[in-house]
Protein chains: 2
Amino acid sequence: MPPFDLSRTRDTSTEEIHPCSACAARSLSVCAALEPEELRRLADLTQTVRYESGHTLFGEGDAADALYNVTAGTVKLYKLLPDGRRQITGFLMTGDFLGLALNESYAYSAETVTDTSLCRFPRRKMEALLDEFPRMQRRLFSMASNELAAAQDQMLMLGRKSAREKICSFLLMLSQRAVRRGFKENPVTVPMSRADIADYLGLTTETVSRTFTQLKTERVITLLEGGKVRLNDMDALHDLAEGA
Amino acid sequence: MPPFDLSRTRDTSTEEIHPCSACAARSLSVCAALEPEELRRLADLTQTVRYESGHTLFGEGDAADALYNVTAGTVKLYKLLPDGRRQITGFLMTGDFLGLALNESYAYSAETVTDTSLCRFPRRKMEALLDEFPRMQRRLFSMASNELAAAQDQMLMLGRKSAREKICSFLLMLSQRAVRRGFKENPVTVPMSRADIADYLGLTTETVSRTFTQLKTERVITLLEGGKVRLNDMDALHDLAEGA
DNA sequence: GGGCCGCGTTGACGTGGATCAAAGTGCCAC
DNA sequence: GTGGCACTTTGATCCACGTCAACGCGGCCC
């Protein structure tokens, strides 16, 4: 799709001397709470990669030969039905980890939503490291637990919430994740397209668009330029997200 | 709800001398592939418990003080919205493990669907054991990975499949799980109520009922007594489950 | 027995969100 | 500038599934 790949030619050698400790949100990433020795060993096998938006990291069924930690940008994970229907199972942002399901092949596809940089860990070496350092494995396990909890929340959303509740939940999630990454600013950045949002929420682009304008009309949110959304009343939004 | 609790008074001392190794589907359970020493230590902290159908094991937000391995029966996990809407996030059957998300409190509720027996592992002791035996932790991690993959499948189902596709997917899942537990018989046992199925698939009981009779009319399935369902054409069912 | 209750089925009807269609907007190439 | 393209918005219509309501059936208690 993209005519050429700018990202690959960019010189990153000066910006990331020690790739893993450069993970922007270290407290969130796999590097969190590791001993210096563990961190050094992890850095040894780390490759940093950069892709522009729309790049496919891997597809469902591909051999799972690497794990990633997102250090900048947004990545979407999705599954497809044979006829092309798509369900986005999650968006990964700075600090998020990709490839927790340590199976032989990926159970989903991953594609960049924006220009993205990642730390890449070859799987074999990573597994060896996990065997050596149980603390790291424990860390990954705890991350998997959190993902499991998030997956359950999303099931509740997909199965039982209305379109309006889904959109409000989605905006709140973006807001909360921004806060956790240390960005407290209220106008939330929504880097993904309407189609991506629709496929994440189990809706169509038309419904997503309509619901946004509806919420805008009711002054619950304000749509700003650059894909930003101001949440005018967090409490109201929270109620709207759960049908209270 | 139940007038009295038969199960608690039943004498299990003779049937399960070594509780963990008695896990019916050991190859599936947490005990799988453990060394004798690990197994013995695990057995030391195992309690076996039995509950009749409709018993609440724990509720969302309760302090997470135990993990369980289902040894017989069926358990449902669910989350609720403030107004009572419910999403069942999974059914656990013989061999399945409960409480993988090792957080301070449970993120969901768990309730027995049928009479159920379980191995109960106090959380603190279990964590200590995991620290001692990284192999066990690895085993749990791998189970969590599988759950994550299952959760993604369910998201795809909830977000993108029609009622008919959901029902077919559901029946196929029951069938596959029965096979994995060693029961090859085709008439699948469906132990849960229409309401439970509906809350699992993001539908209403009426739609579930109608879809069943519709599939019955088309000779895709046959409804048998005792909550059993014969799948008349597995290939057709597989196609129906994915809109092929 | 009779009444009640929980569960499942069926029917009639309503509606939220999908579908189909078209127009608006911004961006890039030329 | 003009054209093309991808994305978004808006409108009109449709329909799959929800809602509301009635009824059937089996189990259990009195």
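Which side chains meet in a salt bridge at 2.4 Å, N to O? In this predicted model, the pair is A:D131 and B:R138. Between chain A and chain B, the count of salt bridges is 8. Polar contacts link 17 residue pairs across the two chains, with both partners at pLDDT 80 or more.

Several elements of chain A give two or more residues to the side that touches chain B. The strands are β4 (75-80) and β5 (86-92). The helices are α3 (123-132), α4 (134-160) and α6 (194-201). The largest share comes from α4(A), with 20 residues. By residue class, the side of chain A that touches chain B divides into 20 nonpolar, 12 polar and 14 charged residues.

The extent of the contact was computed in residues and in area. Chain A contributes 46 residues, and chain B contributes 46 residues. The size of an interface is often given as the accessible area lost when the parts come together. Here the area buried between chain A and chain B is about 4,200 Å². Carbon and sulfur atoms give 60% of that area. In chain A, the residues that lose the most area to chain B are A:F141, A:M155 and A:R160. Together these three make up 20% of what the chain A side buries.

Technical notes. Residues are numbered from 1 along each chain as its sequence is written. Chains are lettered from A and ligands numbered from 1 in the order in which they are written. This is a predicted model: local features need pLDDT of at least 70, side-chain atom pairs count only at pLDDT 80 or more; totals for chains, interfaces and linings use all residues. Side-chain values use heavy atoms; hydrogens and water are left out. Contact means heavy atoms within 4.5 Å. Buried area is the accessible area (1.4 Å probe) that two parts lose on being put together, summed over both. A salt bridge is a side-chain nitrogen of Lys or Arg within 4 Å of a carboxyl oxygen of Asp or Glu. A polar contact is a pair of N or O atoms within 3.5 Å; within protein, one must be able to donate a hydrogen and the other to accept it, and residues adjacent in sequence count only if both atoms are side-chain atoms. Helices (H or I, at least four residues) and strands (E, at least two) are DSSP runs, numbered from the N terminus. Ala, Val, Leu, Ile, Met, Phe, Trp, Tyr, Cys and Pro count as nonpolar, Asp, Glu, Lys and Arg as charged, and the others, Gly among them, as polar.
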